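Please look through the structure shown below, and keep it at hand while reading. The paragraphs that follow lead from the chain as a whole to its parts.

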Amino acid sequence: MSTTQDSDSGNDVTFTIGHEQLVIHRRYETASIFNDFLIAIWFLFGSVLFLYPQWADFGTWLFVIGSAQFMIRPMIRLAHHIYLRRIPRNNNSNSHWASRNWEM
């Protein structure tokens with residue numbers, strides 16, 4: 001399996017497995033959808049297990065996992081909007097970036 005990023009398609013991620021390719025468009029939105037799917041699974045299984053007294057404790061833990069996973073959704077959205085960008089080095093000491101003191 002190999003992973004490539006196609007320059008023509010922007011931020012698409014492509015996984016090549018044998019003669020097949022899995023292309024993921026809009027990776028942050030895809031991660032959010034996958035996260036929502038997992039939350040639904042935890043709550044569904046937790047609800048079913050909660051019906052049986054001997055499995056109620058395990059069902060409760062699935063609810064806790066699903067609830068904690070609700071915090072991941074805003075973190076995915078925030079990661080989509082905030083990122084670090086490298087500032088290119090410039091040999092010209094009179095440039096705007098070189099002349100500023102960035103120490104705290």
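A residue is called buried if its relative accessible area is under 20%, exposed if over 50%, and partly exposed in between, with a 1.4 Å probe and protein chains only. The model is a predicted one, in which local features need pLDDT of at least 70 and side-chain atom pairs count only at pLDDT 80 or more, while totals for chains, interfaces and linings use all residues. Residues are numbered from 1 along each chain as its sequence is written, and side-chain values use heavy atoms, with hydrogens and water left out.

The chain has four helices and three strands, where helices (H or I, at least four residues) and strands (E, at least two) are DSSP runs numbered from the N terminus. Read from the N terminus on, the order of these elements is β-β-β-α-α-α-α. Of the 104 residues in the chain, 14% are buried.

Among the strands, strand 2 (residues 13-17) and strand 3 (residues 20-24) run antiparallel and are joined by five bridges; two strands count as paired if DSSP finds at least two bridges between them. Thr-14 has Val-23 in strand 3 as its bridge partner. The two strands form a hairpin with two residues between them, and Gly-18 in the turn has a positive phi of about 65°.

Helix 2 (residues 56-69) has 14 residues and reaches 20 Å from its first C-alpha to its last, close to the 20 Å expected at 1.5 Å a residue, a span taken as 1.5 Å times one less than the number of residues. Ala-56, Gly-59, Leu-62, Gly-66 and Gln-69 are buried in this helix. Because they cover an arc of only 135° around the axis, they lie on the same side of helix 2, the arc being that of the directions from the helix axis to the C-beta atoms. Asp-57 and Trp-61, on the other side of helix 2, are exposed. The buried residues of helix 2 pack against helix 1 (27-50) and helix 3 (72-81), contact meaning heavy atoms within 4.5 Å.

Two salt bridges are found in the structure, each defined as a side-chain nitrogen of Lys or Arg within 4 Å of a carboxyl oxygen of Asp or Glu. One joins the side chains of Arg-73 and Asp-36 (2.8 Å, N to O). Arg-73 lies in helix 3 and Asp-36 in helix 1, so this pair ties together parts that are 37 residues apart in sequence. The other joins Glu-29 and Arg-26 (3.4 Å, N to O); Glu-29 counts as partly exposed because its relative accessibility is 40%, whereas Arg-26, at 60%, counts as exposed.
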